[in-house]
Amino acid sequence: MKPFVPLSPVPSSRPSRGVLPSGLRRFLTQNAAWWPWAIAGWLLACALWGGWLLHGQRVAAQEDFDLQSRILHRLLSQRAEQHEAVFAALVALEPSLPQITPEVKARFAGSIMLSYPQIDQVRRYLRNADGSWRPAAPNGAGGEMLPRLTPTLESSLRSPVAPALADAAGIWLARAAGPDSAWALHVRTDRLLAAGEQPPAGFSFTLATDDGQVLWDHPASRAHWMSLTPLQAEKHLSVRSQPYLLITRQPPLPAQLPWGRFAWGVLVLLAVCGAAAWAFVEYRRRVLTQRQLALAHASRVNAMGEVAAGIAHELNQPLAAILSNTQAVGRWLDDDPPAIDGAREAAQSAVQQARRAGAILHRLRGFISPQPGRVEAVDLNRVASAALSLVGEALQRRQVQVHLQLADGLPRVRGEQVAFEQVAVNLLLNAADALDGVPQEQRHVRLYTLLQNGQILLCVEDSGPGFSEEVRGRLFEPFFTTKPGGMGLGLSICEHIVQQAGGDLLAEHGEGGGARLVMRLPAINED
Amino acid sequence: MPTSPPSADRHSPLVRILDDDAGVRDGLSALLRSVGLRTQVFASAAEFIEGHDGEAIGCLILDIRMPGESGLQLLERLPAAGVDLPVVMLTGHGDLAACRRAFKGGAVEFLTKPVDDDVLIEAVQQAVRAHITSRERGAVTREAQAQLARLTEREREVLAQIVEGLSNKQIARVLDLSPRTVETHRAHLFEKLEVDSLAQLVRLYLAALAP
């Protein structure tokens, strides 16, 4: 064992970076658990489901609201027509008024109020000589509203629209019966709609004149929920004399939302998303495994160039021996008398050497086969020797001196012999690559095995420049490479192989400043 | 010591085989023994230097690629180690640089594995012949040198002039002697070297000078 070369200056290595940030790349390429996918998918699906339900609800609510608004509009228009009919009757009464006794008038008014319960007062007004109006009956209630009605009363003589005025209990409507007389009705808004005609909960409306005077707001306290946009509609009452604007509104109410269906959907979606995410992760894992296998195969075939030279040399030895032995057999037999013993001995040697050639080819076939190998108890010493025989030639050609140190009596590990060989081959070729810039006489690689805390270590240590901490941290990332033209897959595949076998692959700084890659596998108990 | 016992009589040539691969060693050995040659096999350069039979006539078949000291390195230090065996180089693949270096180092033949029996045997025989010739030439030279050693200093000076083709008178002038003295030296010289003619004298002189 030659001493290691002292530390040579570390060249600044410029790792090539991928396009994706490394965190995302790690998440996408490595085996994340299934539940983050499940939760993300579930939340998205719930949002979609909720949105769909809301939309459906909104459509249904709009239809219902339109219907309610139409009903209300119809009802209020109908009431307005009733008021109009009352006015018509009163105006028609005007010419014969002087002949009518107060009792008849009172009975008439009473019958009006009986037929139209919303009308609680009917008043007549007369014009004074100065143009102002006064109630026809003294002490009548509603006298105070008269001055405010006066201007519109004047105009109502020429317009079909009845002047209106809201007070605390209802609406005053007025109609001129002639130049000097007028009628007014007081409409109790709380009686405008019968018990069966009340709008549904949450529904509210406003009745207003065109100049903005609010005649009726119902109900006074409005339901609001989460400040969502209420449904709203506006339409004038379809009565010429009372074309008030009816504004209806309906805010969405929590109680109207389909909570049950939503909850049910959420549960179903949870189950579906969980299953889908699990299936997805499982599928991706399988695809990844397949791709890893394919990549592993590709990288093995890649290493074939190096390995082929070694195999060619190795195969040449038994072939040379077979040729010599068989030719010796011929010569022994040509003797007179034939030298049977010598011939037999040489023939046996030839057979042995043919078997040896077969074994070499068998190993090569195992190395390049895309099939996963058999999991068995593996001796890492054998792995080290086999790997060295595969690439020994390549290393020798590159003037790399290999120092092999195998620990005695190593327990075995569980895994695939060929896969481990592949890892060791990769590590050896990497080490050789690392030594490319090192003077020939300083190119050393130590390949050694040892037992440490119940784990078997196969180490490859080179006398190269080593790596920086930053490179060391990213060494096993897929597509990370420091080699021009490198794929950056070798070590990530190696790590995958070793991890599959329950071990790990470590990158350390060697004693001489070079790189030390350690394949660490748990020993199996074979007792 | 991985040495095969002599398979033929002790007087047949002894071929030393040095290869780290036991299969190749034994195969070559079997082939050479089948034609009646004796063989001696070694697994490494150190083993060879330590254990080979330096006396027996024969040759060395040397593999280039070996762990430790390579075949080429050994070839280059054979003269210094006092080994006079002709060397047949044997290699897994014949690359030109190694071939050139082998011949420069004095190899008599450069063969690639696997090697055909006729080619190998021919090469071995050629090497053995070269060994015999060199041993013979070595023997003649040593004898001639021994004879020349009997001469006195003055006689050797005279001899040097004689083989230059000078007459007695000319020699006397060059060495500042009397012609008679030169003639006396000349007579002693022929007597001591046991030669009868100038031709024989010259042959002996040249043999002594030969490497």
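User: Helices (H or I, at least four residues) and strands (E, at least two) are taken as DSSP runs and numbered from the N terminus. How many helices and strands are there in chain B?

Analyst: This is a predicted model, where local features need pLDDT of at least 70, side-chain atom pairs count only at pLDDT 80 or more, and totals for chains, interfaces and linings use all residues. Residues are numbered from 1 along each chain as its sequence is written, while chains are lettered from A and ligands numbered from 1 in the order in which they are written. Chain B runs β-α-β-α-β-α-β-α-β-α-α-α-α-α from the N terminus on. The count for chain B is 9 helices and 5 strands.

User: What percentage of the residues of chain B count as buried?

Analyst: A residue is buried with 20 or more other C-beta atoms within 10 Å of its own, exposed with 12 or fewer, and partly exposed in between; C-beta atoms are placed from the backbone. Chain B has 211 residues.

User: Is G105(B) buried or partly exposed?

Analyst: G105(B) sits in the loop between helix 4 (96-104) and strand 5 (109-112) of chain B. Because G105(B) has 18 other C-beta atoms within 10 Å, it is partly exposed.

User: Which residues does I61(B) contact, leaving aside neighbours within four places in sequence?

Analyst: Contact means C-beta atoms, placed from the backbone, within 7 Å. I61(B) is one of the residues that touch the most other members of the largest nonpolar core. Its contacts are V15(B), I17(B), L18(B), L28(B), V88(B) and L90(B).

User: Which element provides the largest share of the side of chain A that touches chain B?

Analyst: Here 20 residues of chain A are in contact with 16 residues of chain B. On the chain A side, helix 5 and helix 6 (340-368) are the elements giving two or more residues. The largest share, 14 residues, comes from helix 5 of chain A.

Methods
Core = buried A, V, L, I, M, F, W, Y, C linked by C-beta atoms within 7 Å. Contact = placed C-beta atoms within 7 Å.
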